[in-house]
Amino acid sequence: MDDVKRQATISRKTKETEITATVDLDGTGAADIRTGIGFLDHMLEQLARHGLIDIKLAAKGDLHIDYHHTVEDSGIVLGQAFARALGDKLGIARYADVHLPMDETLTRVAIDVSGRPYLIWGVTFTRDKLGEMDTELFREWFQAFAQNAGITLHVHNLYGDNNHHIAETCYK
């Protein structure tokens, strides 16, 4: 088992997007994220850093229309890469949860690496956008990621005022 590399690369090309993601689940938290959406890049960098997962993701999308396809397809590709890197899931803890504080914000995330994908999203934003990104797209990213990673994921923001902090606690 020590020789098993928990790494994967996935590419996806559609009419709207072209995305390649590489993950190393036993990494150091290194990130090279280029989606063209600054706030999404920041969130995925946090996922890598705090999860000690190396993530390289390059996306080209129809950003001139809106960010929906790039956000959703980034979640699909990264979820597929996680699923492939997990392989037979030997040696991992199936369940995990965290209460993550960030200043005035507290978010609870629970995960079941079950092969039965499902998302419960209990997060509300008071602003329509963070940077240039529509806040409704965070749920879309998590839905795509959970479905394609094959995980059950519950994300609940318990309280907080700063929308940036709320989003960031979901990814960390």
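The largest pocket of this predicted model holds about 800 Å³ of space. A pocket here is an open set of points on a 1 Å grid over the protein atoms alone, where a 1.4 Å probe fits, with protein on both sides within 12 Å along at least five of seven lines. Its volume is the space filled by probe spheres set on the points. Of the 27 residues that line the pocket, L47, G51, I53, F82 and I111 are the closest to its centre; a lining residue has an atom within 4 Å of a point. The elements giving two or more residues to this lining include α1 (38-51), α2 (68-86), α3 (136-149) and α4 (163-171). Helices are DSSP runs (H or I, at least four residues), numbered from the N terminus. By class, the lining has 22 nonpolar, two polar and three charged residues.

Residues are numbered from 1 along each chain as its sequence is written. Local features need pLDDT of at least 70, side-chain atom pairs count only at pLDDT 80 or more, totals for chains, interfaces and linings use all residues, and side-chain values use heavy atoms, with hydrogens and water left out.

Now to two helix pairs, with axes fitted to C-alpha atoms over the stretch in contact and angles from 0 to 180 degrees between N-to-C directions.

| Pair | Angle | Axis distance |
|---|---|---|
| α1 and α4 | about 40° | 8 Å |
| α2 and α3 | about 25° | 7 Å |

α2 is therefore roughly parallel to α3, a term for angles under 35 degrees. In this pair, F82 is among the α2 residues that meet α3, and W141 is one of their partners; contact means heavy atoms within 4.5 Å. The contact divides into ten nonpolar, six polar and two charged residues.

Notes: Ala, Val, Leu, Ile, Met, Phe, Trp, Tyr, Cys and Pro count as nonpolar, Asp, Glu, Lys and Arg as charged, and the others, Gly among them, as polar. Angles under 35 degrees count as roughly parallel, over 145 as roughly antiparallel, 65 to 115 as roughly perpendicular and the rest as oblique.
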